[in-house]
Amino acid sequence: MQAKKRYFILLSAGACLVLLFYFGGAQLPASGRNRHDRSRHGYRSDQPWPHFSDPLHQFLPWDQPDTEEYNIHISPRQKRDVNTSVYKGKRCRMDSCFDFSRCKKNDFKVYVYPQQKGEKISESYQNILSTIEGSRFYTSDPGQACLFVLSLDTLDRDQLSPQYVHNLKTKVQNLPLWNNGRNHLIFNLYSGTWPDYTEDLGFDIGQAMLAKASISTENFRPNFDVSIPLFSKEHPRTGGERGFLKYNSIPPFRKYMLVFKGKRYLTGIGSDTRNALYHVHNQEDVVLLTTCKHGKDWQKHKDARLKRFDRLKGVEMLHNSTFCLVPRGRRLGSFRFLEALQAACVPVMLSNGWELPFSEIINWNTAAVIGDERLLLQIPSTVRSIHQDKILALRQQTQFLWEAYFSSLEKIVLTTLEIIQDRVLQQESRSSVMWNSHPGGLFALPQYSAYLGDFPFYYATLGIKPHSKFTAVIHAVTPLVSQSQPILKLLASVAKSQYCAQIIVLWNCDKPLPAKHRWPATTVPVIVIEGENKVMSSRFLPYETIITDAVLSLDEDTVLSTTEVDFAFTVWQSFPERLVGYPARSHFWDSNKERWGYTSKWTNDYSMVLTGAAIYHRYYHFLYTNFLPASLKGMVDQLANCEDILMNFLVSAVTKLPPIKVTQKKQYKETMMGQSSRASRWADPDHFAQRQTCMNKFASWFGGMPLVHSQMRLDPVLFKDQVSILRKKYRDIERL
């Protein structure tokens, strides 16, 4: 009898174990699937936290809300209704919801719908439209357009906002070119409203792409939508301030290790994390301050935390902290994100499920720490474990990303369009290196070349050197009537350089081309080409006949010796991304007239070198022609002036560095003024007045003054030293 009881108990226990294994094991594949989904979005499970460059693991998939308030306010039926109404095209991708045929004839052009009378439009959205209309992508002909942008303001879709546009569903559907949203781009900063802040825009977007802030990984359609940052209405339209990192301190630690200052939500979505920050705050190097001083009944909930909040200023905290916490707000995005980037304060992200801005192109693991809201208490120990070398690298990358893509609304919009253009023109798309290293994707145009070694910015990264020869381009504007003219002497001197590969004479003269026998015989090829439309900008066209990396740009009356040319080229080989030249000029701010001024006086600093005698990389010809707007080039051509200033603006905007001046003979200015072909131009007072006007016009388009002053001049080693002249390599420079 006892034996039967024992057998029965064993049998029952075995059955229970089998049932437990069966029902418990049935969930294993789902867990594995969640891990797979996370890894697809950049979340790897093979390296556990606290490796700071890796995102924290998720205990739940993004589609399972972890706040009780969310479940209270949203019923299952409401969830289904929201997802159905907003994301009917959730499976849209470029190959299924985009018509590439519209882009084959006219490349990548963007059409902006004409604004309708009586339609209100916010200043931020007007700036977006103005940026597109002023870009090289814009077309006023919808038949040439590859992409369409609404003139209806879609930025703020919060029904409680005064900027909310009513009846948008009907207005969009009535657009003649809507075509269910195909090839359309919709910009949005705010969606949904209290209490749940869903991503509902209030109208069916159809097959349109979204350029959206605070977009979740659940609703983000990879390689179709574009995640943009949340920016304030005060965000500058163009230019923008530089990053706040002026110099690198070693070790890179600041007064505070981790800071945050912002609103605290007592209930509702987004309240869990911000309410919990109080438990991590230690009043020393981890300072996390929140306030409930917002809304109508904030006084009912004020406590001791409010006094600490008012005592410390947010800007000072950002500038004096190594890491800045960026928790989610009511929506996934936060203004603190851009503030931290600009302040060179490494962002620590606490917003589960947020598709980070421009995640398609930016590797955020090199500029931010990706945390998890549910592991808040581990954040302080994690950031303390990050090595100081890595902190320095993260900090420097924040500055690059801020200045390349986020410092102005113009850069945010253009980056969005460039991302879409890369998808459309896949054969001419940028590599990850172009997007994530200096000077950034906006200045590295893939239409120039698909090979990084063809750009001047990546030589050091690739371990290569520029071509060992240069091409001289001489700009000729006067007829050839005498064999003693300066252009012939210049041509002979340049041709004798050991580094000269060929000479191109750009004939911008109204007279016919001289016969071949009029040009002197040289050891290098001399190619004479007629300038396009005889305008000033034609000297910077990307001529296919230029076969070398370096271009020596010369005016026809420039007086240079072979030795001077050789030395300037050897200097350029060490600085291939910069302008290297002889005659220098400078800019200054005229406080009386409140405008930029131009001076040719010989002073102790300079910010430009004239392209009448300068060496630079041929890529700048391509950038000048394809990046700069027609309005600026048209101004140059109309005035027949300022092309050298515009080239200096462009190169300084790209490099964030000044040009390089090399040893210049003292007679240069007097010799140049003595030439009959340009004497009247330099002596003409209108010439300098025009250049003053150009300076301010160019600065307005660039959104600020990109020129950088320098007090450095490079001379040959042993220059003017008291040693035998026979020991000096560039001895002829001292004799000039």
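Reply: Happy to. Let us start with the link of Cys324 and Cys345, which is right-handed, with 105 degrees about the S-S bond. Cys324 lies in strand β10 and Cys345 in the loop between α12 and β11, so the pair ties together parts that are 21 residues apart in sequence. The sulfur atoms of Cys324 and Cys345 are 2.0 Å apart, and both cysteines are buried. Please keep in mind that this is a predicted model. The protein chain has an average pLDDT of 84, and 82% of the residues score at least 70.

Strand β10 covers residues 321-327, and seven of its seven residues are buried. β10 has a parallel partner in strand β8 (residues 256-263), with three bridges between them; here Tyr256 has Ser321 of β10 as its bridge partner. β10 also pairs with strand β11 (residues 346-350), again in the parallel sense, over five bridges. One of the bridge pairs there is Pro327 with Leu350 of β11. Between β10 and β11 the chain passes through helix α12 (residues 336-342), and this β-α-β crossover is right-handed.

How many disulfides does a search of the whole structure find? It finds four. With the bonded cysteines numbered in sequence order, the pairing is 1-2, 3-4, 5-6, 7-8.

Another of these links joins Cys103 and Cys146, whose sulfur atoms are 1.8 Å apart. This pair links distant parts of the chain, 43 residues apart: Cys103 sits in helix α6 (residues 101-104) and Cys146 in the loop between α7 and β2. The torsion about its S-S bond is about 65 degrees, so the disulfide of Cys103 and Cys146 is right-handed. Cys103 and Cys146 are both buried.

Further along, Cys642 and Cys694 form a disulfide with their sulfur atoms 2.0 Å apart. The torsion about the S-S bond of Cys642 and Cys694 is about 85 degrees, so this disulfide is right-handed. Cys642 lies in the loop between α21 and α22, and Cys694 in helix α25 (residues 685-702), so the pair ties together parts that are 52 residues apart in sequence. Cys642 is buried at a relative accessible area of 0%, and Cys694 is buried at 0% too.

Next, the strand β2 mentioned above belongs to an open sheet of five strands, in the order β1-β2-β4-β6-β7, with parallel pairing. β1 and β7 stand at the edges, each with a single partner strand, so one side of each has no neighbour in the sheet. Two bridges join β2 (residues 147-149) to β4 (residues 184-188), and Val149 has Leu185 of β4 as its bridge partner. Helix α7 (residues 123-133) packs on this sheet, touching β1, β2 and β4, and its direction makes about 135 degrees with that of β1.

For a contrast in direction, turn to strand β21 (residues 613-617). It runs antiparallel to strand β16 (residues 550-555), joined by five bridges, among them the pair Leu552 and Ile615.

Finally, some parts call for care. Over residues 25-73 the pLDDT is below 50, and it stays under 50 over residues 669-680 as well. Where pLDDT is low, the predicted coordinates should not be read in detail.

Methods
Residues numbered from 1 in each chain as written. Predicted model: local features only at pLDDT ≥ 70, side-chain atom pairs only at ≥ 80, totals over all residues. Heavy atoms only, no water. pLDDT = per-residue confidence, 0-100. Contact = heavy atoms within 4.5 Å. Buried < 20%, exposed > 50% of the residue type's maximum accessible area, 1.4 Å probe, protein only. Helix = DSSP H or I, 4+ residues; strand = E, 2+ residues; numbered from the N terminus. Pairing = 2+ DSSP bridges. Right-handed = clockwise from strand over helix to strand, strands pointing away. Axes fitted to C-alpha atoms, helices over the stretch in contact; angles between N-to-C directions. Disulfide = S-S within 2.5 Å.
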